[in-house]
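Keep the sequence and the coordinates at hand while reading.

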Amino acid sequence: MHSLLASMLPGPFAAACLPAGGGGGPVDDGPVAAAIKHAANWLTEPTRYSVASILALIAVLYFRRFFSKVWVVTVFFALSTAFFVFAFQDPNFNAIITKPDNVPIIILFATVVFFSWLSLRRAVINDERTKRGEPTLEGELAKQKVFTWPDLVYSELICLVLFTAAMLVWSILITAPIEEPAATARTPNPSKAPWYFLGLQELLVYFDPWIAGVLLPSFIIVGLCAIPYIDTNPKGNGYYTFDERPFAISFFWVGFLLFWVSFVILGTFLRGPNWSFFGPFEYWDLHKLEPMVNVDLSTWVWVDILGKPRPDNPFVREAPGIVLVIGYFLVLPPLLGKTVMRKMVADMGMIRFNVFMHLFLWFVLIPIKMGLRWTVNLKYFIGMPEYFFNV
Amino acid sequence: MQKLLKYVRESQIWKSVFRHGYPDTPRNRTLAVLSNVFLHLHPVKVRRSGIRLSYTWCMGGLTFFLFLILTLTGLLLMFYYRPTADRAYEDIFALREHVPIGVMREMHRWGAHLMVISVWLHMYRVFLTGSYKPPREFNWNVGVILLVLTLLLSFTGYLLPWDQLAVWAITVGTNMARATPLLGHEGPLASALSFGGIDFIHAGDDVRFGLLAGRFVGEGALLRFYVLHCVGFPLIAATLMAVHFWRVRKDGGISGPL
């Protein structure tokens, strides 16, 4: 693999690809390189990574006029490429990034960034045109109708040919890997799910399997299905826009870009043995220890605040958490509907509002739990291992 | 040359296949689409906005094309692969060792990765252009099911090389099923289904057992995943794709401003 990749890449890449086999170990760097690597390791630590990416997303959406400029995305891709060239020299980074199965993740990153930028650019242009009273980019073109043969059929054919060529080149250059034969007695560390489920595996850090692995995926599917019935805004059908549906677009960006794509990338590149976090330039040390100091809400309430031992009856013990969770899911929606979200209820109707609120609250629970884990080391709101019922 | 072409085009064989002249007139262009079973998925005329790459990103079409590539390469791979625990790994290994410039497995593997990405990007585009809004609500739902099927196809295929990566990725993935409420033996409320000291849900009959045909990823799981991967899911996906494309037409073609 490494020699193949080396032969297809220009000078600096190729030089970096060859020597590193399994990667690993401390590296001798100049002061500047060491500082950059240290900064990258520091910034990608999950807490900072999540907070920084949320801030970045807000900034991109708020200053969308600036970020949708052509030169901005050009500079971004140039800097990313420069970073990759630099990072390839590092054996630790190299070892993880050049795995053949991780090539699609790089493609995912590049395409998602590019298409997000493209959609934002067209949205900004369209919004400006609408403000001036002109038709949107799509609206202008939609007035004309063209024959499927040749206008559509030919572009389909060209896409097909180019794409097949690219697939063939890729397949010839990079051989599909095969590891050692299956052995149920030898567990590899880390054991990772297929890459497209790594966002869910990342949530296992914060939630039990019944939530991260069963409930949330189900809610994602149900939520996606419910989108067209919940979103009653008739605007923005068939053209790119931001101003006409700011909430819908922002929400999808947060969900898709932050909680799905970026967690896939985090899980692929930055989660090592024991699912411990490793910066991009860190050696995957099997013995990296992460302190387990997480505390249940019940311990916090009974022991720390009331100064008593935790009651034996699990329902009494977990009463504070149960009240909190019931309040969150059952009291909060009507409360919000009667007060600040009154207009939403009027627009959507009761059923839509309730379906939306429950899906929304489940979604919001993810950042809430993550935040509480990072700040006060909360383990479970309700911790009933007796019934495998941990929230 | 011109003469030869003319002769061919006026022969009975040519005319029996193509029932119209060269598609350079409006009439023949219409007929080219209408009289071809594959092309007639398209309308005769399309809005210019709907065929711009900067609008569609071509991701839906690419997904369908990848499905075709995967069907073709998968079919060829089936000739050389036996889904049993003692043969599967050897067969895949042999493909790599004995075939010079073999690209079928590579095309299948990279194509499968790409199809997951292209489905996501297609849905991303459909969301950003609001193309799920009326009258396309139902088709968005068909699309969501196709997304799930794509992931299931990829997931079942993940196991087939029967190497460490495969077995343990499927182990991690299916371990989640253990925690299904009521139906998994480590899920909430499963212990409630216990009568007179007898557990109705245990490791030998819960939903994970059903997925894997056993308590761990073994021979039964391999066969089960193989059948679903090669026959079950592709059939369902192909059927739903037909519905999906049909509804694109019936709901007014590629979306555009109303």
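**A walk through chains A and B**

Trp275(A) counts as partly exposed, because 16 other C-beta atoms lie within 10 Å, and a residue needs 20 or more to be called buried. The model is a predicted one. Trp275(A) sits in the loop between α13 and α14 (297–305) of chain A. Its backbone has a positive phi of about 60°, although Trp275(A) is not a glycine. Most residues other than glycine have a negative phi, and most peptide bonds are trans.

Leu182(B) is not a glycine either, and its phi is positive at about 70°. The loop that holds Leu182(B) runs between α9 and β2 (194–195) of chain B. Leu182(B) counts as partly exposed because it has 14 C-beta neighbours inside 10 Å.

Peptide bonds are the next backbone detail. In chain A, the bond from Asn189(A) to Pro190(A) is cis, with omega near 0°. Pro190(A) belongs to the loop between α10 and α11 (198–203) of chain A. In chain B, the bond from Pro134(B) to Pro135(B) is cis, with omega near 10°. Pro135(B) lies in the loop between α7 and α8 of chain B.

Consider now chain A as a whole. It contains 18 helices and 3 strands, and its C-alpha trace spans about 70 × 60 × 45 Å along the principal axes. Of its 391 residues, 28% count as buried. Among its contacts between residues at least 6 apart in sequence, 70% join residues at least 24 apart.

One helix of chain A can be followed from its length to its surroundings. Helix α18 of chain A covers residues 350–376, and at 1.5 Å a residue its 27 residues should span 39 Å; the end C-alpha atoms are 36 Å apart, which agrees. Which residues of α18(A) are buried? They are Phe353(A), Phe356(A), Met357(A), Lys369(A) and Met370(A). In an α-helix there are 3.6 residues a turn, so residues three or four places apart point the same way. The elements that cover the buried residues of α18(A) include α4 (46–62), α12, α16 (319–338) and α17 (342–348) of chain A. After α18(A) comes Asn377(A), with a positive phi near 55°.

α7(B) is mostly covered, with 24 of its 25 residues buried. Gly130(B) follows α7(B) and has a positive phi, near 60°.

Further along chain B, two helices pack against each other. Helix α8 (residues 137–159) and helix α9 (residues 164–175) of chain B meet at an angle of about 135°, and their axes are 7 Å apart. α8(B) and α9(B) are therefore oblique to each other, since an angle over 145 degrees would be needed to count as roughly antiparallel. From α8(B), the residues in this contact are Phe155(B), Tyr158(B) and Leu159(B), and they meet Ala166(B), Val167(B), Ala169(B), Ile170(B) and Gly173(B) of α9(B). By class, this contact has 7 nonpolar residues, 1 polar residue and no charged ones.

Leu41(B) lies in the loop between α3 (26–34) and β1 of chain B. With 15 C-beta neighbours inside 10 Å, Leu41(B) is partly exposed.

The last step is the contact between the chains. It takes 74 residues from chain A and 87 residues from chain B. On the side of chain A, the elements that each supply at least two residues include α8 (103–131), β1 (145–147), α12 (209–230) and α13 (246–269). The largest share, 15 residues, comes from α10(A). By class, this side of chain A divides into 47 nonpolar, 16 polar and 11 charged residues.

Strands also pair between the chains. β1(A) and strand β1 (residues 45–47) of chain B run antiparallel and are joined by 3 bridges. In one of these pairings, Lys145(A) has Arg47(B) of β1(B) as its bridge partner.

Conventions
Residues numbered from 1 in each chain as written. Chains lettered and ligands numbered in written order. Predicted model: local features only at pLDDT ≥ 70, side-chain atom pairs only at ≥ 80, totals over all residues. Buried ≥ 20, exposed ≤ 12 C-beta atoms within 10 Å, placed from the backbone. Helix = DSSP H or I, 4+ residues; strand = E, 2+ residues; numbered from the N terminus. Contact = placed C-beta atoms within 7 Å. Axes fitted to C-alpha atoms, helices over the stretch in contact; angles between N-to-C directions. Parallel < 35°, antiparallel > 145°, perpendicular 65-115°, else oblique. Nonpolar A, V, L, I, M, F, W, Y, C, P; charged D, E, K, R; others polar. Pairing = 2+ DSSP bridges. Expected span 1.5 Å × (residues − 1).
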